[in-house]
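Some notes on this entry, as requested. Please read them with the coordinates open.

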Amino acid sequence: MIIAKVTSKEEAEKAMIAVGQEIIRRAKDITNDIDRVTSIKIDAEIEPFPEGYISVNINKNYIAEFQDTKK
């Protein structure tokens with residue numbers, strides 16, 4: 001998701017705060033299935049000024065378990 005265009009030091013600061021706020025807003029959804037999650041990775045990137053944007057990706061890695069249904 002792209003949060004905001006960044007063209008100044010002040011906008012970069014606001015963008016970083018927005019990343020934190022977005023993570024807080026999505027915390028319940030991110031941890032909804034935590035019992036099957038092995039890790040949560042949060043990437044945030046601010047691209048160089050003046051065309052820069054801040055983007056955030058949240059990825060979860062899951063446990064895969066084999067269940068033998070032939071019993």
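The points below cover confidence, fold, core and surface.

1. Model and confidence. This is a predicted model. Mean pLDDT over the protein chain is 80, with 83% of residues at 70 or more. Strand β1 (residues 2–5) has the lowest confidence, a mean of 58, while β2 has the highest, at 86. The placement of β1 should be read with that value in mind.

2. Secondary structure. Among contacts in the protein chain with a separation of 6 or more, 57% are between residues 24 or more positions apart.

3. Core. Eight residues form the largest nonpolar core: V6, A12, A15, V19, I30, I54, V56 and I58. Two elements, α1 (9–30) and β3 (53–62), each provide at least two residues of this core. The largest contribution is that of α1, with four residues.

4. Burial and surface. Of the 71 residues in the protein chain, 17% count as buried. The accessible surface of the protein chain is about 5700 Å², and carbon and sulfur atoms account for 52% of that.

5. Nonpolar patch. I34, I40 and I42 make a nonpolar surface patch of about 230 Å². I34 sits in the loop between α1 and β2 (37–46).

Conventions. Residues are numbered from 1 along each chain as its sequence is written. This is a predicted model: local features need pLDDT of at least 70, side-chain atom pairs count only at pLDDT 80 or more; totals for chains, interfaces and linings use all residues. Side-chain values use heavy atoms; hydrogens and water are left out. A nonpolar core is a set of buried Ala, Val, Leu, Ile, Met, Phe, Trp, Tyr and Cys residues joined through side-chain atoms within 4.5 Å. Buried means under 20% relative accessible area, exposed over 50%, partly exposed in between (1.4 Å probe, protein chains only). Patches are made of residues with over 30% relative accessible area and no salt bridge: like charges are joined within 9 Å, nonpolar side chains (Val, Leu, Ile, Met, Phe, Trp, Tyr) within 5 Å. Accessible areas come from the Shrake-Rupley method with a 1.4 Å probe; for residues, only the protein chains shown count as cover. A salt bridge is a side-chain nitrogen of Lys or Arg within 4 Å of a carboxyl oxygen of Asp or Glu. pLDDT is the predictor's confidence in each residue, from 0 to 100. Contact means heavy atoms within 4.5 Å.
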